[in-house]
Amino acid sequence: MSDEKLDLSGTLSRIDECAGIEEEIGERIRKALDYLVGLKALAQEKTASEVCRCILETTQVLKRHLYDDSLDSRQRAANLAKLLRKVQGFEEAGDDKSIAAFAEYLDYLLESGADEEEAEIDDSRDAVQLMTVHAAKGLEWPYVFVVSMSSARFPTSRKLEAIPFPDELVREATPQGDFHIQEERRLAYVAFTRAQRRLYLSCVEKKGKKPSVFVQEVSGDSIVTERLVTEAAFDQEIESASKMAIAERDIRRQIIRVLGGCEDIEMLRPYTKLLASIRQKDRDPSQIWSLLAQPGIDPALCESIESALDEQYVISSVAASTPHEPLYMSYSRMSTYEDCPLGYKFAYELKIPCKAKPYFSFGNTVHLSLKRFFEEVQAGKEPSLDDLKTTYNENWQNEGYVIPSQEHNYRHDGETALEAFYRRYQSAKVVPLHLEWKFTLPVGGHFITGYVDRIDALGDGACSVIDYKTGKPRTQKDADADLQLSMYALAVRECLGLRAEQLSLHFLQTDEIISTARTDTQLSEVVEHVLSVAEAISARKFDPNPDAFKCSRCDYARICPAMEV
């Protein structure tokens, strides 16, 4: 082969010129070359996000991590989802949506020295979090350990700038003193203030090594000497676990004393049974207490074990009833999870972006137009139909429409629906009590959240809740069982102290209104329903729920492990 410079695909295309390549390896290389050629062709026609999605689908790199709930797999899946969101944000910010433009953007990002953090994942398990000081900004923990607090490590040695910035171009006043030390001190302050209860600073004990100057500053001493902490003060749970470990040690010592004092092996049995019971991971307190009651156990040892056991038992009971991290349960989250738990994981945990949908853009436009219309009404004005149409056109959202004719049809349908809506308004000029009312209702350690399109007062503590719909009309039976209306009725009662006497679905395209109501018993059932779904999510039950029709319309079908490749 010549010394000419080739890119990856160019190099792979010359594989037949290389001698000694095994046939199997050669075949793999040819497949890789075909894949790269296909991606190059795709990049000429598709956007950056479409190319990235194709790579995830064909390599199945995301699928490999979706059924593995280990922290590493969850982090990798979250990082891939973050990449997709990054690509989507890039496309929304500029006109050039090609993969080449995105690659150029990434090059600039790397050259700028920007430190892109890993995607955040919800991990409330009991584990040590290891991270840099920069990554810890804004976070807090009960106990924080800052290591390598030696004079040669923190503050770090001054580094010369790759490209010195001319002093003449600096508008602000030049900082007095050692600017590098000042910046390192600020960073140390960030690290030290992450601790809520106790901060531990450590450095290696070695000749010639001195503690960092920041340790001296935070301790208030001009000279920091070695401190040996003979008895650490821990929180109650750690102290309890420590007492159980001490009890185990005392039992072993008692066994040694018994062995040294007599030859009767039967005297050891109560202690060996007791030791085995205490060492069990899920120890049974009643079993240990029964063993302590046996004759032959040293009274002083019994007392110390009973004390440790009482404390351990109380803490275990409290820990068992401690709820998971609270969830904010909207109707969208509820319905997504009940349709498919794995789809919920895609949408709300990994936050994998979906393609824009025309019906979402259309619905948002209509809802915003009606909100602006009624804001004028609440202000005492009389907006006309032309005003309503002007607001509609000014706030038109054009994301997701595939062809111009589709967008034109949606826009025309919207104007027709607004004309019918305005005629209804003219016949009964109502002034809404609330518009786009946002609520957050605590229930059983979690929260129900949402937005109510419109609330009208009916008098005597009663109100009417209206939910606009831009899709196809549904039946009375659907309205009677509608979970979203039930959640709204509950929120209105608990947050506003009003009785939702009328719950209505207003189907704008047909100008049809279907009304229903809820009893207190039904609202109690809603709470139980929400909590059951929230607990399933907290338990990370994300099994797929395959359905031929729904899966065919799912945004995540191409990357879903439940779908046949």
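Which residue forms a salt bridge with Arg30? Glu27 does, with the closest N and O atoms 3.9 Å apart. By salt bridge I mean a side-chain nitrogen of Lys or Arg within 4 Å of a carboxyl oxygen of Asp or Glu.

Some ground rules. This is a predicted model, where local features need pLDDT of at least 70, side-chain atom pairs count only at pLDDT 80 or more, and totals for chains, interfaces and linings use all residues. Residues are numbered from 1 along each chain as its sequence is written, and side-chain values use heavy atoms, leaving out hydrogens and water.

The salt-bridge rule gives a count of 17. Let me take three.

Back to the opening pair. Both Arg30 and Glu27 sit in helix α2 (residues 23–45), three residues apart, about one turn of the helix. Helices here are DSSP runs of H or I, at least four residues, numbered from the N terminus. Arg30 is partly exposed at 30% relative accessible area. Glu27 is partly exposed too, at 37%. The cut-offs: buried is under 20%, exposed over 50%, partly exposed in between, with a 1.4 Å probe and protein chains only.

Next, Lys550 and Asp339. Their closest N and O atoms are 3.0 Å apart. Lys550 is in helix α21 (residues 548–552) and Asp339 in helix α13 (residues 331–339), so this pair ties together parts 211 residues apart in sequence. Lys550 is partly exposed at 44%, and Asp339 is partly exposed at 38%.

Now a buried pair. Arg454 bridges to Asp456, closest N and O atoms 2.7 Å apart. Arg454 is buried at 9%. Asp456 is buried at 7%.

Finally, a network: salt bridges with shared partners join Arg493, Glu494 and Asp520.

How values were computed: Helix = DSSP H or I, 4+ residues; strand = E, 2+ residues; numbered from the N terminus.
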